[in-house]
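Look at the structure below before reading on. This report goes through it piece by piece.

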Protein chains: 2
Amino acid sequence: MAKEKDMGITVKKEDDLPEWYEQVCLRAELAEFSKVKGCMIIRPNGYAIWSAIQKYFDENINKPTGVRNSYFPLFIPESFFRKEAEHAKGFTPEVAWLDKDVTGEGERLAIRPTSETIMYDSFSRWIRSYRDLPLKINQWCNVVRWETEATKLFLRSREFLWQEGHCVYETEEECRKEAINYINLYAKLCEELLALPVLVGQKTEKEKFAGARTTYTIEAFMPDGKALQCGTSHELSQGFAKSFGIKFLGKDEKTHMPWQNSWGLSTRLIGAIVMAHSDNKGLVLPPRVAEHKLVIIPIIIGKDNAKILEKAKELKAQLAGFNPLLDDRDEYTPGWKYNEWEMKGIPLRIEIGPKDIAKEQVVLVRRDTGEKDFVKEKELNDKITKALDAMHDSLLKKARKSLKDMIVFAKNWGDLVKGIRERKLVKAAFCGETECEDWIKDKSGGASSRCIPFDEKVTEEDKCVYCKKPAKYIIYFSKSY
Amino acid sequence: MAKEKDMGITVKKEDDLPEWYEQVCLRAELAEFSKVKGCMIIRPNGYAIWSAIQKYFDENINKPTGVRNSYFPLFIPESFFRKEAEHAKGFTPEVAWLDKDVTGEGERLAIRPTSETIMYDSFSRWIRSYRDLPLKINQWCNVVRWETEATKLFLRSREFLWQEGHCVYETEEECRKEAINYINLYAKLCEELLALPVLVGQKTEKEKFAGARTTYTIEAFMPDGKALQCGTSHELSQGFAKSFGIKFLGKDEKTHMPWQNSWGLSTRLIGAIVMAHSDNKGLVLPPRVAEHKLVIIPIIIGKDNAKILEKAKELKAQLAGFNPLLDDRDEYTPGWKYNEWEMKGIPLRIEIGPKDIAKEQVVLVRRDTGEKDFVKEKELNDKITKALDAMHDSLLKKARKSLKDMIVFAKNWGDLVKGIRERKLVKAAFCGETECEDWIKDKSGGASSRCIPFDEKVTEEDKCVYCKKPAKYIIYFSKSY
């Protein structure tokens, strides 16, 4: 039994990223595969990360922007689904339907893959006048997309958890401004909470959301050179408003059609942080999402055991604000415990032994660097706070550097193919044509466009990396999850 | 437009409870019916109550008892479902299945009506030795039960939100003790958070959960004499452990079968508090679940408007801890606003007019009693806190009295029938036989057994109220939702 538990990660991150990733998720007990094909089980260690994301989100995104949580039905009538043609076309292949024997004579019911249609039917009744705008609704829920590709824990599964924000505005300008604001808030969440740098930008016509006029995205880059789309925000324009008959009486006492956006991020983010920060010892959790900021391990080796245990308990109480774990099991050695908690990603470890007690100090060890610090007991609270902040900053800095190092600029087609082959994130000028994008994917061995960064402009000299026609924008290409 | 919104509740609680209830839910914007038959939409005002319940729950039930949140798949393979015979039999009639065209060649997938089976399959892998016990898992999720009866907002719908706790123990004693502890914690939540008194007790054989050995319940009583089951806790004994092969290596190094309990409460609770506390003006929210504890209404009637508005904004900032609303719309009169916020159940109202400013005071009005109090500005914080506590206590006291007044003791069958006809909660001695319980339901016009209270013992003289055989226990009967 002990032996089985003892097993660490058996492959190296640099040797076999997919296998390493799966082992980290399984052994840190974040998630596991379910016997229901394509669905996963989020275990308490994984769900705690999701709860931390939800808490940050409700406090720092919903509250200041005036978005309110709600809950809409899991089932969507087929007729709703069909109302917006592009939307229906885009989602139909992956929709799961209820058995007709259940629904009886009525129309088919879909399990929600996203909730635009069922929400906007309600919005058409809720919105009467400009006084009801902006309307800002969010929901935390499960969604189902019947993927055929193999499940990857957190990264791809038929059911996942997410939030979906849905807002309605009087003007196009306000709608666009806020759609961009939400994607920027997502990027901020990634950096501030998850120490995860992302690229922010716009999707191409080919890659945008089914039913959107414009899709904004945040993209993280994984060590294998694949991009991971971590969140999107869509300017829906008036397409859904038209299909669902959403109208409002303006200040001018005339009837107008409002503007809408929707935006979502999912449990996929948990996969992103595992990929980005973890190492060959196991999970490295960015400290701000760690449920337990530290683990206290008493070094029980001699006659002072009782005294050491007592001190360890004292410390646990004293440090309650960091929700510490105390590992006082006597059937494992300290070394075994270090390995276990390193594998599970607890940000800090406190070791306390007989010598430390005499000196009124403890040993404080950082999970990411292994750095050891002898800390006087009375300074402990302060040092822990500082170590957690330092760890966050250092994870972010490292991840930023690694993102920067992955970017290459392709002056020509040869550069692009070489970059993709070398698992780089390739920046290039691009004409913007879907047909050309299809060719690039086909000829480069699977690179897709990731995003058009907000802050880069093309010049008249820039030509498309593939077709050499005048470039419309600078864009990133890479393989993706 | 304004007129439509202006409409208050058009029927009286005492005249037509179902219609009054629906109007309160709709006009306080707690929930609405969906076009998907049997499913409802929980609007932000309703969802805020659910969030308050979740927060209390995670802090006061999960945390102190060591229960951790997780997430299991929405879909349950038919073979899992069939493993525990009683469970399958009980739930089969209301299970919704996925369309076979989706699942393909594999087995049928159910939409979870409850998650015992899918969780316990995992538990059988997670649990190896006594060191892994107790295992305490909870999940917040949606469940689907394909009811055929008409939807009542919050009280009965095909999809609802709930939490389900699932624990595994080494001993039967620990398992029972904790199953009872959870039902007592539910009762505490109802009283402390929702000002809702409930009866706590055990279900009969007929009414217990499919697959349980013993079911404990909390039951609230509605003004129409119908009981509302608000939460249940089940001692599952070893039935599921046996079916799913859950075993552990004990301290004695032998293999044992563990003991399990499961327990849940749902969004139904929101309906219970609407029914219990609200009045003919609309919603009365128990203050501890109110998102906004108060609304500030400036009395803008004369030349001092700017000054009054400024003061109102100042108060809003000063009272931020109570998350106040400020209703500074100039198209409505103060009276109109009073009605609106009373209908929406905001616990306290602050009125501030020119005379009040001069006296450095405001008028503080309680939603439940209409009590007005002139409060000096500097005492406001303190007075609001006290008023909120007083309101909670007074709602609870009133609800307790009303529950007590509904109870009658039936010495004989005539008393029982009369009690049920008069919409009372009838206490009686009962033999415990399912057949007798069926007869009672049939002959009394629909009364079912609600619960066997923990604290009442039968004597040798007590005879069953129906069959006159020796009584097994004292029990409550009533109609129910």
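## A sheet in chain A

Two strands pair if DSSP finds at least two bridges between them. The model shown here is predicted. In chain A, 5 strands form an open sheet with the order 15-14-16-17-18. The pairing in this sheet is mixed.

Which strands stand at the edges? They are strand 15 (325–326) and strand 18 of chain A. Each has a single partner strand, so one side of each is left without a neighbour in the sheet.

## Pairs inside the sheet

Start with strand 15 of chain A. Strand 14 (residues 294–298) of chain A runs parallel to strand 15 of chain A, and 2 bridges join them. Here I296(A) stands opposite L326(A).

Strand 17 (residues 361–366) and strand 18 of chain A are antiparallel, with 5 bridges. V362(A) of this pair faces V375(A) in strand 18 of chain A. The two strands form a hairpin with 5 residues between them. In that hairpin, G370(A) takes a positive phi near 75°.

Is strand 18 of chain A buried or in the open? A residue is buried if 20 or more other C-beta atoms lie within 10 Å of its own. Strand 18 of chain A covers residues 372–376, and of these 5 residues the number buried is 0, so the strand lies largely in the open.

Helix 14 (residues 380–406) of chain A lies across strand 14, strand 16 (348–352), strand 17 and strand 18 of chain A. Its angle to strand 17 of chain A is about 10°.

## Domains of chain A

Chain A is divided into domain 1 (6–277), domain 2 (292–386) and domain 3 (406–480). The C-alpha centres of domain 1 and domain 3 of chain A are 26 Å apart. How many residues of domain 1 of chain A are in contact with domain 3 of chain A? The number is 18, and they meet 18 residues of domain 3 of chain A.

On the domain 1 side, strand 8 (199–202), strand 9 (214–221) and strand 10 (226–237) of chain A each supply at least two residues. By class, this side of domain 1 of chain A has 5 nonpolar, 6 polar and 7 charged residues.

## Two chains, one axis

Two copies of a chain are related by a rotation about an axis and a shift along it. Here, a rotation of 180° with 0.0 Å of shift along the axis superposes chain B on chain A, with an RMSD of 0.0 Å. That is the relation of a two-fold axis. The same surface serves both copies, as 100% of the contact residues of chain B recur in chain A. Which residue of chain B comes closest to the rotation axis? D99(B) does, with its C-alpha at 1.9 Å.

The contact takes 40 residues from chain B and 40 residues from chain A. Several elements of chain B give two or more residues to it, including helix 3 (44–65), helix 7 (116–126), strand 6 (135–144) and strand 7 (159–169). The chain B side has 23 nonpolar, 8 polar and 9 charged residues.

## Strands of chain B

Strand 6 of chain B pairs with strand 3 of chain B in the parallel sense, over 2 bridges. In this pair, N69(B) has N138(B) as its bridge partner. Strand 6 of chain B also runs antiparallel to strand 7 of chain B, with 10 bridges. There, W140(B) is the bridge partner of Q163(B).

## Backbone details

In chain A, the peptide bond between L133(A) and P134(A) is cis, with omega about -10°. P134(A) sits in the loop between helix 7 and strand 6 of chain A. In chain B, a cis bond runs from L133(B) to P134(B), with omega near -10°. P134(B) is in the loop between helix 7 and strand 6 of chain B.

Two residues of chain B also deserve a look. A195(B) is not a glycine, yet has a positive phi of about 55°. A195(B) lies in the loop between helix 8 (172–194) and strand 8 (199–202) of chain B. E253(B) is not a glycine either, and has a positive phi of about 65°. Its loop runs between strand 11 (248–249) and strand 12 (255–256) of chain B.

Which of these is buried or exposed? A195(B) is buried, with 27 other C-beta atoms within 10 Å. E253(B) is exposed, with 8 other C-beta atoms within 10 Å.

Technical notes:
Residues are numbered from 1 along each chain as its sequence is written. Chains are lettered from A and ligands numbered from 1 in the order in which they are written. This is a predicted model: local features need pLDDT of at least 70, side-chain atom pairs count only at pLDDT 80 or more; totals for chains, interfaces and linings use all residues. Copies are superposed by least squares on the C-alpha atoms of residues with pLDDT of at least 70 in both. Two residues are in contact if their C-beta atoms, placed from the backbone, lie within 7 Å. Helices (H or I, at least four residues) and strands (E, at least two) are DSSP runs, numbered from the N terminus. Ala, Val, Leu, Ile, Met, Phe, Trp, Tyr, Cys and Pro count as nonpolar, Asp, Glu, Lys and Arg as charged, and the others, Gly among them, as polar. A residue is buried if 20 or more other C-beta atoms lie within 10 Å of its own, exposed if 12 or fewer, and partly exposed in between; C-beta atoms are placed from the backbone. Domain bounds come from an automatic or database domain assignment. Axes are lines fitted to C-alpha atoms, for helices over the stretch in contact, and angles run from 0 to 180 degrees between N-to-C directions.
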